[in-house]
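Trainee: I'd like to learn how to read helix packing and chain contacts in a model like this one. Could you take me through it?

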Amino acid sequence: MGTQTPLARVEGLGAAHSGTEHFWRQRVSAVALIPLSIWFVCAAVALAGADREAVVAFLHQPVNAIAMALFVIASLHHSVLGLQVVIEDYVHTEGWKLALFLCNQLFAWILGAVSLFALVKIAL
Amino acid sequence: MAQQSAQRPRPLSPHLQIYRWPVTMATSIAHRATGIALSAGTILLAWWLIAAATGPDAYHVFAASAAHPVGQIVLFGILWSLAFHFFNGIRHLAWDVGFGFDVSTANRSGVAVVLLSLLAAIVVFLLAHGVLH
C-alpha cells in the first residue's frame with residue numbers, strides 16, 4: 001500500500017481498476033439465488049412430467065412468471081461472472097481471452113433474451 | 001558450464017495427481033466444475049421455456065428428451081450440480097463473513113456439503129418422479 005497515491009487509496013480500485021465490483025456482484029447474485037433456486041426446484045418438481053397446458057397455466061400466474069424471470073436473470077448474471085473468472089484463470093493468450101469474454105457475455109444476453117421472450121409470450 | 005546445467009534433469013514440482021486430495025481442494029474444484037455444468041444447464045432452461053411458449057409439438061420433443069434415459073442422467077447431473085453448488089455456495093458465503101474458515105471446520109463442512117447435496121439431489125429426483133409422497 002506504501003506506493004499508492006492518496007487518490008488511488010481513496011478510490012480503492014486496486015490493480016484491476018474495478019475494485020470489489022466483481023466480487024460484490026457475485027455475492028449479491030449468490031444470495032438472490034438462494035431463495036430463487038429453492039423456488040425453482042419446487043416448481044420443477046411440481047411440473048415434472050406435466051403436459052404443456054399445466055406448464056403454461058403455471059407460468060401464466062404473474063407471481064410465477066416474475067419469479068422465473070428473476071431466476072433466469074440472476075442465474076445468467078451469476079454464470080457470466082463465474083465463467084469470466086474461469087476464463088481469466090486458464091486462458092492466458094490475450095486474443096483468446098478477449099474472444100471468450102465476448103462469447104461469455106453475448107451468449108448470456110442471447111439466452112436471457114430468448115428465455116424472457118418465451119416467458120412474456122406465455123405470461124401475457 | 002551453462003550447457004551442462006541445462007542437460008541435468010531439473011527437479012519438478014509435483015503435479016495434481018501426486019497429492020492426496022484434501023476435502024477443501026476437492027470441494028473447491030467441484031464448485032467450479034458444477035458452476036460450469038449449471039451454466040450449460042441454462043441452455044436447457046431456455047429450451048424448456050421456448051418449448052412451452054411454442055406449442056404442444058415443441059413441448060412434446062422437450063418432454064420426450066427429458067424422459068429418455070440419457071435425458072434423465074443429464075437432469076440428475078444438473079440437479080446434483082445445483083444441490084452441490086447451492087450448499088457449497090452457502091459454505092462460501094459463511095467463509096466470506098468469517099465463519100468456519102479454520103481447517104478442521106472447513107474439512108467437516110466440506111464432507112457435510114457433499115453428503116447433503118447427494119441426499120438432496122436423490123430426494124428431489126424421487127419427488128419429481130412421484131416416488132415419495
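Trainee: Let's start with one helix. Which residues of α4(A) are buried?

Mentor: Keep in mind that this is a predicted model. The general idea first: an α-helix has 3.6 residues a turn, so residues three or four places apart point the same way. In this case, the buried residues of α4(A) include A:Met68, A:Phe71, A:Val72, A:Ser75, A:Leu76, A:Ser79, A:Gly82 and A:Leu83. A:His78, A:Val80 and A:Leu81 are buried too.

Trainee: What covers the buried residues of α4(A)?

Mentor: The cover includes α2, α3 and α5 of chain A, together with α2 of chain B.

Trainee: How do I describe two packed helices, then?

Mentor: Two packed helices are described by the angle between their axes and the distance between the axes. Take α4(A) and α2(B): their axes come within 10 Å and cross at roughly 140°. The two are therefore oblique to each other, and the crossing is left-handed.

Trainee: Which residues meet there, α4(A) against α2(B)?

Mentor: From α4(A), look at A:Val72, A:Ser75, A:Leu76, A:Ser79, A:Gly82, A:Leu83 and A:Val86. On the α2(B) side, they meet B:Arg32, B:Gly35, B:Ile36, B:Leu38, B:Ser39, B:Thr42 and B:Leu45. By class, this contact has seven nonpolar, six polar and one charged residues.

Trainee: And the whole interface: how many residues of chain A are in contact with chain B?

Mentor: There are 25 in chain A, in contact with 23 of chain B. On the chain A side, α2, α3, α4 and α5 each supply at least two residues.

Trainee: Now a pair inside one chain. At what angle do α3(A) and α5(A) pack?

Mentor: About 90°, with the axes 8 Å apart. That makes α3(A) roughly perpendicular to α5(A). A:Val56, A:Leu59 and A:His60 of α3(A) meet A:Leu119, A:Ile122 and A:Ala123 of α5(A). Five of the residues in this contact are nonpolar, one is polar and none is charged.

Notes: Residues numbered from 1 in each chain as written. Chains lettered and ligands numbered in written order. Predicted model: local features only at pLDDT ≥ 70, side-chain atom pairs only at ≥ 80, totals over all residues. Contact = placed C-beta atoms within 7 Å. Helix = DSSP H or I, 4+ residues; strand = E, 2+ residues; numbered from the N terminus. Axes fitted to C-alpha atoms, helices over the stretch in contact; angles between N-to-C directions. Parallel < 35°, antiparallel > 145°, perpendicular 65-115°, else oblique. Left-handed = near helix turned anticlockwise from the far one by under 90°. Nonpolar A, V, L, I, M, F, W, Y, C, P; charged D, E, K, R; others polar. Buried ≥ 20, exposed ≤ 12 C-beta atoms within 10 Å, placed from the backbone.
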